[in-house]
Amino acid sequence: MSSLAEKFLQHRQCQNRLAVPGLPIDWIPIAWLPIALALLLLTTIFASTAKPAQQSGGDNSPETNTSPQATAPPRVAIPPVGEGCLLYRSGDSGEYLPLTLVHTDAALDVRGLVISATVTQQYFNSAATPLEAVYVFPLPHDAAVYDMEIHIGNRVIRSVIREREEAKRVYSAAKAQGQRAALVEEERPNVFTTSVANIMPGDHIDVRLRYVEPLRWADGTVRLTFPMVVGPRYIAGTAATGHSGTGWALDTDAVPDASRITPPVRNPESTRPGHDISVTVDLDPGFETSAVNSISHPVTINRLGDGRQHITLATGATIPNKDFILEMQQAVSTQPKTAMFLSPDRETGETNFLLTAFPPTVAPTERDPVEMHYVIDISGSMEGTSITQARAALLQALNRLRPGDRFGILAFNHRYFEFSPEPLVATDSNVESARNFVRNLHAGGGTEMLPALLHVMQKPQTEGYLRHIILMTDGDLGNEEQIFTALNRNLGGARLYTVAIGSAPNFFLAAKMAQFGRGTFTHIADVAEINKQMGQLLNAIDSPVLTDVNLSFEGVQVADLYPQRPPDLFLREPLLIYGRITQGQKGRIILTARAAGQPYQATFPIDAATATFHPGITVLWARQRVESLMDDWRQSSDDDREATRNAIIAHAIRYRLVTRFTSLVAVEQQITNTTGQSTTVAVRAELPAGMQMDKVFGAPATGTAEAFYEALGLLLLLIGGALAFVTWGRGPLVVLR
């Protein structure tokens, strides 16, 4: 007993000399330490070389975004792949295999002021397992989507229109039974989702969509825009409510469908497998053009024998990371007073029309002093070319201020700050100080537009000054409906003008805000456009506006005119009216309004016999009625919304329109997937040109397994270092035997 006791006391004395509090190191032989340290070092190096799939930080980061999706870890770590790849995760090995979106083709047929478009997305399933593809993609915000087909080999799946929830049930049932099916849903007027179920191994699939869209003819120029990419959206909110889609964001209380408008984004620095897009335009605008220019891409223009022009991308195809923009300039300086386009409604026998009227220019007058508020977006998505464009546009606006005007500047990201808490008189010194303020604005952070707008709108208005608000933003956010509600409740007598900045801005947000704000919408896609586009906007603000516009018709009877209340008209801005002619063919329109406080009147002749026929006018008229009903729905009480929703559904089903409440669904009767099992995969979107990945999403996420192992390795390495330090030079540990 004494011998055993002596050994125990020797062991405890040695332990007391060498022990580190909290570390039971008495049982660790010193010879093991070099081996342990080497293993820890190898683990750390291996983990640090792994590349996490998702990015966080920046515009959609925990540092700048309080929304839940910012802190939610990615569900799976996806290796870098090219844009448009559908990724299949093998159930056996967990390895990711690509299902490539091979090519997208957009064929745009321009006749007069109407585009008829066919968009075809081509996929190939290289996996060995049935798949469901989910593709979130953009279309023009004023497009009327009326048809969808799925082509698989020599089989064609044609669509029918249904109420949205009913269409989902039909699609889900077909998917579970192993039938091929397709579903097209509207998330926003400019964001759609196509889901294709039971894509079998080796399938080549074409998803074909058709839509019509109106063109705007202003100041002798027609501008065509075809969007190619859904930009990353900032998701506001304070609480997560679920995950209803396949996107990187969680649904929130502010954006209930956030996961449906945030497709995963391809890192542009990763290897690209080759998905691209081609665009062709067959141009017959109905007038002689002096110039046709692409603002966005190099193009090749061929004049055909019948007078039409055939336009293609000079490169044949391109990466779909920015909007395609084509401008057509009229050959003569004097444009016609009216342009009318017709198509018959086969069910009613009546004629639908689109009328474009150009009021004569109102004689200029000396404008009264104005109070200008410039609101500029400096969030992370604006970093790069967008913030450069926004700063230059704002500097140009400051140069147009007159000595009697007042002005203020507010910059916002996830916070907002002002040049001055109160509007300042536009003295030379104040304007120069404002220029310095603007030159030092830099992009970064989230996109909390709503608090910034409320702050400006709720400022006390200076007596004797008409307030104008110019908002410069890319509009990449998800809480559009909250912003529309705030405008309707708080704008008062001010006017709001939107300037959409960047290569792929949110046109729906910018255009609708301008509509509710009784202002105009301007797009600046390139630095070279700043002087021209901002000059036109500022000229319009300085010129008399036609207010209290009213229309009456003589010689013809019309019904269902949209917009129901004509908007105010700015300098060289056309009036677009959709309607139905119920009786008569020839007559005139009488426009009455007020300009600079004085009565104004203009007349326009109309003749249905000489109007241009276009079959898409009926669909466009139907789409305008949906838009009008949607505005009613937004401003209705909860009790009245259901009746408005039902009216939209009935109208959209009659005219086969995809809307917020109706969807196109197609089901093949044949069962091709006998197991009914498939894997859902999502198409990755490109990062819009000019954006920077780290500013939008930031540093690599720490929610991935690779990041966890890296952190664990570093921790263990520190522990090993501590062990080596405390035992170095103290001899071997005594181990009780």
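**Figure 1. Pairing of His468 in a predicted model.** In strand β27, Arg495 is the bridge partner of His468. The structure shown here and in the other views is a predicted model. On β26, His468 also stands opposite Met372. Strand β22, residues 370-377, runs parallel to β26 and is joined to it by 7 bridges. Strand β27, residues 495-501, likewise runs parallel to β26, and 6 bridges join these two strands.

**Figure 2. Strand β26 and its β-α-β unit.** Buried here means under 20% relative accessible area. Together with helix α7 (residues 480-490) and β27, strand β26 makes a right-handed β-α-β unit.

**Figure 3. Packing of helix α6 with helix α7.** Helix α6 covers residues 449-457; its axis and that of α7 come within 10 Å and cross at roughly 5 degrees. Angles under 35 degrees count as roughly parallel, and α6 and α7 are therefore roughly parallel to each other. From α6, the contact involves Met449, Leu450, Leu453, Leu454 and Met457, which meet Gln482, Ile483, Ala486, Leu487 and Asn490 of α7. By class, this contact of α6 with α7 holds 8 nonpolar and 2 polar residues, with no charged residues.

**Figure 4. Packing of helix α4 with helix α5.** Helix α4 (residues 385-399) packs on helix α5 (residues 428-439) at an angle of about 175 degrees, and the axes are 10 Å apart. An angle over 145 degrees counts as roughly antiparallel, and α4 and α5 are therefore roughly antiparallel to each other. On the α4 side the contact is made by Arg391, Leu394, Leu395, Leu398 and Asn399, and on the α5 side by Val431, Ala434, Arg435, Val438 and Arg439. The residues of the contact of α4 with α5 divide into 6 nonpolar, 1 polar and 3 charged.

**Figure 5. Surroundings of Asp109.** Asp109 lies in strand β2, which comprises residues 96-111. With a relative accessibility of 28%, Asp109 counts as partly exposed. Leaving aside residues up to four places away in sequence, Asp109 touches Val114, Ile115, Ser116 and Asp282. Val281 is 172 residues from Asp109 in sequence, yet the two are 5.8 Å apart in space, C-alpha to C-alpha.

Conventions
Residues are numbered from 1 along each chain as its sequence is written. This is a predicted model: local features need pLDDT of at least 70, side-chain atom pairs count only at pLDDT 80 or more; totals for chains, interfaces and linings use all residues. Side-chain values use heavy atoms; hydrogens and water are left out. Two strands pair if DSSP finds at least two bridges between them. Helices (H or I, at least four residues) and strands (E, at least two) are DSSP runs, numbered from the N terminus. A crossover is right-handed if, with the strands pointing away from the viewer, the path from the first strand over the helix to the second runs clockwise. Axes are lines fitted to C-alpha atoms, for helices over the stretch in contact, and angles run from 0 to 180 degrees between N-to-C directions. Angles under 35 degrees count as roughly parallel, over 145 as roughly antiparallel, 65 to 115 as roughly perpendicular and the rest as oblique. Contact means heavy atoms within 4.5 Å. Ala, Val, Leu, Ile, Met, Phe, Trp, Tyr, Cys and Pro count as nonpolar, Asp, Glu, Lys and Arg as charged, and the others, Gly among them, as polar. Buried means under 20% relative accessible area, exposed over 50%, partly exposed in between (1.4 Å probe, protein chains only).
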